[in-house]
Amino acid sequence: MKEFFKGITGINRVWLAVVFSVFLVLPFILSPSWLSITTEILILSVAACGLNLLIGYCGRVNFGPAGLYGVGAYATGLLLEKTGIPFAVAMIGGPVIAGIIALPVGWFCVRRTSHYFALLSLAFGQIIWAAIHSWYSFTGGDDGIAGIRTPDFLMSIPSYYYFTLVIFAICLVVLWMICNSTFGKTLQAIRENPHRVEFIGINVRKYLLIAFIIHGFFLGAAGSLYCGFSHAIFPVYASFLKGNDILIPCILGGIYNFIGPVVGVTVYIFLSKVISAYTMYWLLFLGIVIVLVVLFLRGGIVGFISEKLSPAMQRRGVSGDTRG
Amino acid sequence: MILEAEKLIKAFGGLRAVDGVSLEIEEKELSAIIGTNGAGKTTLFNLLTGGSKCDSGRVIFNGEDITTLHPYEICQKGIGRSFQVTNIFPRLNTFENIQVAVLSAQGMSKKLFSPSRKMAQEETSEILESVGLSDQKDVLGSLLAHGDRRRLDIGIALAIHPELLLLDEPTAGMSPKESLEITELIQKLARERGLPLVFIEHDMNIVFSISEKVRVMHQGRIIFEGKPEEVKANDEVQEIYLGEKV
């Protein structure tokens, strides 16, 4: 573990400390509604970073990420509602079950590349949504299930914010370690040239499947967190539109940068809340922003910034690019 | 004998790209395969390395039938190859390009929580050194000059600890100076590491200067096999390959 963190040089450590301190004091600064929005940003960031393991590191796009996000949310919600098991177990159960569901889904998806991979993953996402939506007796169907209880100490907005912050930090550290591991490096090689990787002795499908399961786990973790946050589960959590909330921030923030999706989620949620306060046509503005990013900032916001800053950072001996 | 192929046949539609090829590669062999474009040389390499499946025939490597294995399994058995069209990892730097292959050979690629930063440093550096890319280890693969990319391709093949190395036109598209450097590299690898090495080549100067054995392919068959001077003297080869008697 120590070895991993030796890679984070001085100035980045300072940045991390500053950012984390800011997160710690946010409940004392922000209004409850903005604190809720921040909680939402943290939850969605876990999902987006999980998804980016597949997009940015493997070069494969899951177009239906909300499917596994929904599985996490429903697994936790249904475990709490129907079995009465402790909250902690239900919170762990969500991502684990999402990971288990990701296994058969991934098994099919990794057999295809590029567009076909994306379309298959979208189809599976829609199947999960349809199952949740139609299975009234088990999932509550269209009505979902409301009033899911979380422990009393997590009922207040600040306490759930801190709980989310801890899970967010754990998830990002684990994901960061995976991305910077020998496994993560091999995934990057697969992204770059899957054909060549076969000829260095790597079973590409197996590696992609493992990555798919891991990404499913983290999508599920985010879904579980959101279930606890909203005290409810609805089919919309697994819908295509929810998938956009996870996918678009990855592109917005930058897929070749570990922290890109977090920045993407922050900008995305901020834009959606701020613009929607003024006009109901906020999606129009969001669309324009995405078009501009795709056309002019191919590496996303973080990619653009690190590109501009990297000469300066290199002079200081700091690696701003987490591409490699 | 390290590798033996028996009556390999591979057809694409009506065209038999490889038509009943049998060959034996000896330990410590340094040999070349020559032939006109479309003679079936690269297809033969693909059959030996699992890149395509043969319609019939067998490939035996170290006494084991590898005919139906996947490329990654064949690679794990110890056959490394480079490609006719440079085949590297463009957005990884030179060091990482080699490192991922070394990690694979060491069985380290699966480790979810082993930091790649510190892994396989020594061996990666050694391979970079032997292919002459040490001074460019931080350069992205895509930014390397053509000749250096070809070297990197060979380096990746070398990094998997092969027991047999197949190089597909290692000097394709190179300047005469670069070709000479690659030729020296091939000789060095074969001599210093005692590595059996088979390469496809169009440049006859290279073929005749370093290979101990030459196989001539024509229309999917090996029509002649022998020492360079025998190939030079063979009428049929001259007629088919060189166009006319010289």
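Author: A nonpolar core here means a set of buried Ala, Val, Leu, Ile, Met, Phe, Trp, Tyr and Cys residues joined through C-beta atoms within 7 Å. The model is a predicted one. Its largest nonpolar core has 165 residues. The residues with the most contacts inside this core are A:Val46, A:Ala47, A:Tyr69, A:Phe218, A:Ala222 and B:Leu197. Helix 11 of chain A gives the largest share of the core, 15 residues.

Leaving out residues up to four places away in sequence, A:Phe218 touches A:Val46, A:Ala47, A:Cys49, A:Gly50, A:Pro95, A:Cys171 and A:Leu175. Two of these, A:Val46 and A:Ala47, are themselves listed with the most contacts inside the core.

The next step is the packing around that residue. Helix 11 (residues 204-230) of chain A packs against helix 5 (residues 87-109) of chain A at an angle of about 145°, and the axes are 7 Å apart. The crossing of these two helices is right-handed. On the side of helix 5, the contact includes A:Met91, A:Gly94, A:Pro95, A:Ile97 and A:Ala98; on the side of helix 11, A:Phe217, A:Phe218, A:Gly220 and A:Ala221 are among the residues involved. Sorted by class, this contact has 16 nonpolar and eight polar residues, with no charged ones.

Beyond its neighbours within four places in sequence, A:Ala75 is in contact with A:Gly93, A:Gly94, A:Ile97, A:Ala98 and A:Gly220. A:Ala75 counts as buried because 26 C-beta neighbours lie inside 10 Å, and the cut-off for buried is 20 or more. The C-alpha atom of A:Ala75 is 17 Å from that of A:Ile214, a residue 139 places away along the chain.

B:Leu197 takes the account to chain B. B:Leu197 belongs to strand 8 of chain B and stands opposite B:Leu30. Strand 8 (residues 197-200) and strand 3 (residues 30-35) of chain B run parallel and are joined by four bridges. Both strands sit in an open sheet of six strands in chain B, with the order 6-7-8-3-9-10 and mixed pairing. Strand 6 (79-81) and strand 10 (221-226) of chain B are the edges, each pairing on one side only. Direction ignored, neighbouring strands of the sheet are turned by 20° against each other on average. Helix 1 (residues 41-49) of chain B packs on this sheet, touching strands 3, 6, 7, 8 and 9 of chain B. The direction of helix 1 makes about 150° with that of strand 7 (164-168) of chain B.

That leaves the contact between the two chains. There, 34 residues of chain B are in contact with 25 residues of chain A. On the chain B side, helix 2 (71-77) and helix 3 (94-105) are the elements that give two or more residues. Helix 3 of chain B gives the largest share, seven residues. By class, the chain B side divides into 18 nonpolar, nine polar and seven charged residues.

Methods:
Residues numbered from 1 in each chain as written. Chains lettered and ligands numbered in written order. Predicted model: local features only at pLDDT ≥ 70, side-chain atom pairs only at ≥ 80, totals over all residues. Axes fitted to C-alpha atoms, helices over the stretch in contact; angles between N-to-C directions. Left-handed = near helix turned anticlockwise from the far one by under 90°. Contact = placed C-beta atoms within 7 Å. Nonpolar A, V, L, I, M, F, W, Y, C, P; charged D, E, K, R; others polar. Pairing = 2+ DSSP bridges. Buried ≥ 20, exposed ≤ 12 C-beta atoms within 10 Å, placed from the backbone.
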